[in-house]
Number of protein chains: 2
Amino acid sequence: MAGPRVTLQDVAQRAGVSRTTASFVLGGRRDMRISADAERRVIQAARELSYRPSLLARSLRTNLSQTIGLLSDLIASDAFAGEIVRGSMATALRGEHLMFIGETQGDPELERQLVHSMLDRGVSGFLYASMYTRTVRVSATLREHRLVLLNTLSRGRRITTVVPDEVEAGRTAMRELIAHGHRDRIVLVGEQAPHVVAASDRINGIQEVLSQHGTQLAGTVDTLWWPEPAHAAVAAYLADGGRPTAFICLNDRIAMGTYQAVVEAGLRIPDDVSVISFDGSDLASWLRPKLTSIAIPHFEMGRQAAELLLQPDVSPQVHRISMPLKAGESVGPPPAGRRRRSR
Amino acid sequence: MAGPRVTLQDVAQRAGVSRTTASFVLGGRRDMRISADAERRVIQAARELSYRPSLLARSLRTNLSQTIGLLSDLIASDAFAGEIVRGSMATALRGEHLMFIGETQGDPELERQLVHSMLDRGVSGFLYASMYTRTVRVSATLREHRLVLLNTLSRGRRITTVVPDEVEAGRTAMRELIAHGHRDRIVLVGEQAPHVVAASDRINGIQEVLSQHGTQLAGTVDTLWWPEPAHAAVAAYLADGGRPTAFICLNDRIAMGTYQAVVEAGLRIPDDVSVISFDGSDLASWLRPKLTSIAIPHFEMGRQAAELLLQPDVSPQVHRISMPLKAGESVGPPPAGRRRRSR
């Protein structure tokens, strides 16, 4: 189906030189004796024929095809995390690299096949991404190649890594609540899952700021990461008489379920209870009132990871990308009647 | 950084044959006189060394590198639409093709560069996708190659195309409302945008079923495609005394805004008013009550498009993929007091 492609032979013919000569000229080789005139004719012929030198041919020589491979456990499982793909793709392109994508589905065998398929096609390096920050053991094959981990932490080895700064995000969220006057009646909504880096880091940041203010969380409503279980858990908590001045939710989906339970209990946000969250997804801006959320900078993470991958010399270290506060209208002062001042 | 790669030379050396002989054996050429013994030794050496024949080399011979290119106006701008990427990627992989991705951002010049970059790397065909169904003029360069349009209709030319069956989706939604007893007081919420294929097709299907039942839409609440304007528009409509028995929303985000306005007006879903929508996104399942929505089968569309691209002979036609109803709890009978029977 492909239309006729201008070949090196066509260029050579038009320039009146051998294919080898044309190849040397267009390949930029200066170690062969080629007359200035022949060189000029080859370049002119290439221009007139709109000849594009075959990158495949160049790849074969250098074992680089100007491509990078993005491996992820789940690609675009989340709109939001799909921004990682966009950020890395845009940056790769600026560096004149195209990007292969592959989804490992967390399956080591599928990952192995994808890695080999990409190596067969001469990729010059890998971005290895998780859709949710987690710790992995990087395969021996991957470790032999240029590699940047994205939203992923490696067990053991030092590998260039780009992750969101989740501990600082926890501090940011808690400082925002403290600044509005919340203190002793702040309740966490989420899963205290030590294996989920985002959860444990965010909670560490939260607790650090609380303890600086001589206080601690008033309680935790345990829930999985989706609206439905969050709604059920918060509804039960409120029905049991729980009356925090603020909920700090581990992500925007949990916050959505929290909103639903709060409204059903006849309470208003933020008049009766404030809500703050993490992710900064579209969902945060769709809720009423708009949800204040600490944003994961997915696009920026993808951008930085691709840049690190394309740089020739990078000493392996963990780059923590700042998570900005996206202010909504869900945080206000604690209700006056319920405010307790313990000092 | 790449580890030492086993070369054809290594295999030849181990097998005790020339590089040319090894190349012919592993390339599957049977037109050269090579002894059965030499052939056996080459294959054994290749196996022992875990030699993987270079696909790049093969690409150069056939001008195919076992890759396809996915071009899209926006990649993973929407979690949901990101399923198109997953579906096509999974199918390409089963056909032993990897997938390049490129985002055109609707910019013809960027698209041209991406197409050429992918051709330079020997892609065997293109998937050309839009995140929202629309009509495009396909560039001359793309038309010269194997091409399947995904969620995209072409102006003029006949090209293999995979789109959701939006007209049938409109019929399905309306039949669901009619089956629950709604008839004369159904209000559309959305943008009547003739250039948005999804909108006009859905509305055509809706109106077809209504006219079969001798009725028509009771009105339209005009809004853009996001929760915030939908909330404002529906709130204004209800404040003006609008009291439909059902809202039919052009997508799930509009339905989210509609939910917010309905609840704020003190009405219950579906007791006071039913809501039905299109997309079948995660959002539909997160709303309370769960939203009934006609789903876009993004993964399936990606799968079918990649399959059509990899098939050797496909006559160009438009494949319309069925959109299934995902039942939630947002559709019930019209409220008894308000029900009007006109016949």
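Mentor: Start with the terms. Helices (H or I, at least four residues) and strands (E, at least two) are DSSP runs, numbered from the N terminus. Two strands pair if DSSP finds at least two bridges between them. Residues are numbered from 1 along each chain as its sequence is written, while chains are lettered from A and ligands numbered from 1 in the order in which they are written. This is a predicted model, so local features need pLDDT of at least 70 and side-chain atom pairs count only at pLDDT 80 or more, whereas totals for chains, interfaces and linings use all residues.

Axes here are lines fitted to C-alpha atoms, for helices over the stretch in contact, and angles run from 0 to 180 degrees between N-to-C directions.

Zoom in on one pair. Strand 1 (residues 67-72) and strand 2 (residues 98-103) of chain B run parallel, joined by 6 bridges. One bridge to find on screen links S72(B) with E103(B) in strand 2 of chain B.

Helices cover this sheet. Contact has a cut-off: the C-beta atoms of two residues, placed from the backbone, lie within 7 Å.

Next, a sheet within chain B. Here 6 strands form an open sheet in the order 7-6-8-9-10-12, again with mixed pairing. Strand 7 (219-222) and strand 12 (325-326) of chain B are the edges; each has a single partner strand, so one side of each lacks a neighbour in the sheet. Strand 6 (residues 186-190) and strand 8 (residues 246-249) of chain B pair in the parallel sense over 4 bridges. Within that pair, I186(B) has A246(B) as its bridge partner. Helix 8 (residues 166-179) of chain B lies across strand 6, strand 8, strand 9 (274-279), strand 10 (292-295) and strand 12 of chain B, at about 165° to strand 9 of chain B.

Turn to chain A for a strand covered on both faces. In a regular strand the side chains alternate between the two faces of the sheet. Strand 10 (residues 292-295) of chain A has T292(A) and I294(A) on one side, and S293(A) and A295(A) on the other. All of these are buried. Buried means that 20 or more other C-beta atoms lie within 10 Å of the residue's own; exposed means 12 or fewer, partly exposed is in between, and C-beta atoms are placed from the backbone. Strand 9 (residues 274-279) of chain A runs parallel to strand 10 of chain A, with 4 bridges between them. I276(A) is bridged to T292(A). Strand 12 (residues 325-326) of chain A pairs with strand 10 of chain A in the antiparallel sense over 2 bridges. There, I294(A) is bridged to L325(A).

Compare a helix in chain B. In helix 3 of chain B, the residues R41(B), V42(B), A45(B) and A46(B) are buried. They cover an arc of only 130° around the axis, which puts them on the same side of helix 3 of chain B. The arc is that of the directions from the helix axis to the C-beta atoms. These buried residues pack against helix 1 (8-15) and helix 2 (19-26) of chain B. A36(B), D37(B), R40(B), R47(B) and E48(B), on the other side of helix 3 of chain B, are exposed.

Last, step back to the whole of chain A. Its secondary structure comes to 13 helices and 12 strands. Of its 343 residues, 49% count as buried.
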